[in-house]
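I have a new structure to read today, and I am keeping notes as I go. Come along and look things up with me.

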Amino acid sequence: MERVITKAKVDPIMVNSNLFGLLLAGGQSRRMGRDKASLSYDGRSQPERVAKLLKTQCQEVFVSLRVGQETPDGVRNLPIVLDSAERSGPMAGILSAFREKPSAAWLVVACDLPLIDSATLDNLVENRDPTHVATAYRSSSDSLPEPLFAIYEPHAVDILLDFESQGIFCPRKILISSKTHLLDPVNPRALENVNTPQDYEAILQNLSTENSIETG
């Protein structure tokens, strides 16, 4: 049975921490068959698009990459956070970001969410609750936390490490078992992710249709 952690000590100074953005782009993209961070939408790479959104709310934006990975197009001018060789998955990027700036809060966004919009981002930041481990949206499909578009507070790092020591590496499981401030989605489609070539083609088709309607 998983250990449930519901309380965390909150340093008053930490509550007013600066908010930094973290674009998670270090995944292996096995189901896609190519690096998802290399995909483009409407003529722009997804990392470039997300970074531009994050800059509207974050003091600085970092790109999380695995060791040896080439920096994606559109974000080569951004600072890099390298995943630890001892870790893998999203937790590697998140914990490496806290190692970089342990007193910061991190707005974490995966690179496979092409429908993220400014309204969804702004609502997340405006409703941030620093007394919680994280602020996240409920999934429109199962109401569980969406951990890869969420704000992790500075005191979250101790909880993440605690779960890691128990062999629990899934960010969603961690947020389910922690004190997470959950929000209802502003736009349910904004959190749709792209994992396969079929997903990518479907999103491109939808975007093309929407653009045609707008211009028509």
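Entry 1: I began with a rule: patches are made of residues with over 30% relative accessible area and no salt bridge, like charges being joined within 9 Å and nonpolar side chains (Val, Leu, Ile, Met, Phe, Trp, Tyr) within 5 Å. A salt bridge here is a side-chain nitrogen of Lys or Arg within 4 Å of a carboxyl oxygen of Asp or Glu. Accessible areas come from the Shrake-Rupley method with a 1.4 Å probe, and for residues only the protein chains shown count as cover. With that in hand, I found V67, I80 and L82 forming a nonpolar surface patch, with about 250 Å² of accessible area together.

**Entry 2: ground rules.** I noted that this is a predicted model, where local features need pLDDT of at least 70, side-chain atom pairs count only at pLDDT 80 or more, and totals for chains, interfaces and linings use all residues. Residues are numbered from 1 along each chain as its sequence is written, and side-chain values use heavy atoms, leaving out hydrogens and water.

**Entry 3: the whole chain.** I looked up the secondary structure and got 7 helices and 9 strands; these are DSSP runs, helices being H or I of at least four residues and strands E of at least two, numbered from the N terminus. Of the 216 residues, 49% are buried, a word that means under 20% relative accessible area, with exposed over 50% and partly exposed in between (1.4 Å probe, protein chains only).

**Entry 4: back to I80.** I placed I80 in strand β5 (residues 80-82). Is I80 buried or partly exposed? It is partly exposed, because its relative accessible area is 32%.

**Entry 5: the cores.** A nonpolar core is a set of buried Ala, Val, Leu, Ile, Met, Phe, Trp, Tyr and Cys residues joined through side-chain atoms within 4.5 Å. The largest one has 28 residues, and L19, L107 and I151 are among those with the most contacts inside it. Elements supplying at least two residues each to this core include β1 (19-24), α4 (118-126) and β8 (145-152). Another core, of 26 residues, lies apart from it, with F20, L24, V81 and I159 among its members.

**Entry 6: helix α3.** I checked α3 (residues 90-100) and found 8 of its 11 residues buried, among them M91, I94 and F98.

**Entry 7: C170.** I found C170 in the loop between α5 (156-165) and α6 (171-176). C170 counts as partly exposed because its relative accessibility is 29%.
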